[in-house]
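Subject: Structure for your files

Hello,

Here is the structure I said I would pass on. My notes follow below it.

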Amino acid sequence: MTMWLEVGGLLRGTCGRWGRTTGLPCGALGPGPLCWGPCGGPWTQKLHQDGPGRGLGEEDIRKAREARIRKAPRPQLSDRSRERKVPTSRVSRLANFGGLAVSLGLGALAEVVKKSLPGGRVQSEGGSRPGSSLFLSEANAERIVQTLCTVRGAALKVGQMLSIQDNSFISPQLQRIFERVRQSADFMPRWQMLRVLEEELGREWQAKVASLEEVPFAAASIGQVHQGVLRDGTEVAVKIQYPGVAQSIQSDIQNLLAVLKMSVALPEGLFAEQSLQVLQRELAWECDYRREAACAQNFRQLLADDPFFRVPAIIQELCTTRVLGMELAGGVPLDQCQGLSQDIRNQICFQLLRLCLRELFEFRFMQTDPNWANFLYDASSHQVILLDFGSSRAFGTEFTDHYIEVVMAAANGDRDRVLQKSRDLKFLTGFETKAFSDAHVEAVMILGEPFATQGPYDFGAGDTARRVQGLIPVLLQHRLRPPPEETYALHRKLAGAFLACARLHAHIACRDLFQDTYHRYWASRQA
């Protein structure tokens, strides 16, 4: 990917992972036989409301603060999710992709037949839309969705990532497919979930909890999350990894790319092989729940004195390579905070940008997954709870020393220094065409505008995505080297933060925030 491709694409997308919900029975796995617990009380409340316009309002904030809610509203699973066995062996996973390829071919043939019959719609030559394909009919789209939601793992993760790219990267048809994938992850059946728990925690795992709900409240690409209660009454969220996904990362991605190539030509400037290597490494991190627990503990210590952000405690006795237990967190994703006052939205977004700058330039350690569901706003405490630390990574000073100067050059409007520091950062070789160098610098300047603007910057009023999108063809055509490995995850996170600010129409004095960060950074480096 180019330096700014993910940023431009993400600014036009959405980052919600589990946006729709439906009511589910409150099953509980207690010691001994399966038993169903009572429903009702605060657990009948929904964390995610159906429909994009529903979210927190001022009255919600007032009531929450007056009540000082102690129990979190219960999150619930997407109404598109289904219980479905996870294929665990490479052979069975390959069979799903092989069956998909055959089905897509038959589906395309059926489309040809339909369009050849009287009354069939036949597009005139030259009138077809770029990216349109017989392989991407509505029936075939559903086949792709069903396959990715069945196999889950790396293939589904890639699909979720592609759902937030703009249509200069993938066709609108594929965008619609992956948007549906992002909302529809299936969950594994009870027997398969219990097998993972026994393999990871031992046959006596039930002694560690008072109860654990049978039906997960969230299902994603790598695992699903269940609500439970410890014997001391602590409410917990237990993430359980799908069997076989860690061992199938490389083969899953290659299988998915083979399917995509039936309808998409990947630009050379994407450096797909290097991008694939970075993605595989990140997915391997996310499949190691012990590593995620350590990252969460690190962030909990780093933010221990922060008044706005909170990291739930790790439950060590429920942590293994494929099981992760944390305190249950309450709140709503940031995209459901659009009904709050301008002042509160500004505060939330200011703090989000402040966190990004601290992660990169103070901690040099960043949680890089920008999904809405990883940032829950708790109205009762006016805090944001941070979740999902599997993709956290460190940044070396050699990278941050140059990167902060690129941002400062953009903030100061110094185009020549942007170009030079980009070469120092190894974004550029120095042998690029003038057209590419100009487009690269222009993209940096556009995305640096919030840090260059005197006074509050209006994130909701800009046309940043459209302007960057216009540069992408040049960047893809003329790029000579892949961007630094660190930037894949970094730009995904920064793009998510910018998108949150745009979605909430925040007005933030970004220049002052960055200038303070810059001076603190070099003061600490020279100390």
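The cover over the buried residues of helix 13 includes helix 12 and helix 14 (434-447); contact here means heavy atoms within 4.5 Å. Helices (DSSP H or I, at least four residues) and strands (E, at least two) are numbered from the N terminus. The buried residues in question are Val 418, Leu 419, Lys 421 and Ser 422, where buried means under 20% relative accessible area, exposed over 50%, and partly exposed in between (1.4 Å probe, protein chains only).

This is a predicted model, in which local features need pLDDT of at least 70 and side-chain atom pairs count only at pLDDT 80 or more, while totals for chains, interfaces and linings use all residues. Residues are numbered from 1 along each chain as its sequence is written, and side-chain values use heavy atoms, with hydrogens and water left out.

Helix 12 and helix 13

Helix 12 (residues 397-411) packs on helix 13 (residues 415-424) at about 165 degrees, the axes being 9 Å apart. Axes are lines fitted to C-alpha atoms, for helices over the stretch in contact, and angles run from 0 to 180 degrees between N-to-C directions. The pair is therefore roughly antiparallel (over 145 degrees; under 35 is roughly parallel, 65 to 115 roughly perpendicular and the rest oblique). Their crossing is left-handed, that is, the near helix is turned anticlockwise from the far one by less than a right angle; clockwise would be right-handed. On the helix 12 side the residues that meet helix 13 are His 402, Glu 405, Val 406, Ala 409 and Ala 410. Their counterparts in helix 13 are Arg 417, Val 418, Lys 421, Ser 422 and Asp 424.

Just after helix 13, Lys 426 has a positive phi of about 70 degrees, although this residue is not a glycine. Lys 426 sits in the loop between helix 13 and helix 14 and is partly exposed, at 44% relative accessibility.

Helix 19

Tyr 518 belongs to helix 19 (residues 510-526) and is buried, with a relative accessible area of 15%. What does Tyr 518 touch, leaving aside its neighbours within four places in sequence? The contacts are Ile 404, Glu 405 and Met 408.

Helix 11 (residues 342-363) and helix 19 have axes that come within 11 Å and cross at roughly 20 degrees, which means they are roughly parallel. From helix 11, the contact uses Phe 350, Leu 353, Arg 354, Leu 357 and Phe 361; from helix 19, Cys 510, Leu 513, Phe 514, Thr 517 and Tyr 521. This crossing is right-handed.

Arg 364, in the loop between helix 11 and strand 10 (365-366), also is not a glycine and has a positive phi, of about 50 degrees. Arg 364 is partly exposed, with a relative accessible area of 25%.

Arg 479

Arg 479 lies in the loop between helix 17 (472-478) and helix 18 (485-503) and is buried, at 6% relative accessible area. Its C-alpha atom is 8.8 Å from that of Thr 433, 46 residues apart along the chain.

The whole protein

The protein has 19 helices and 15 strands, and 57% of its 527 residues count as buried.

Regards
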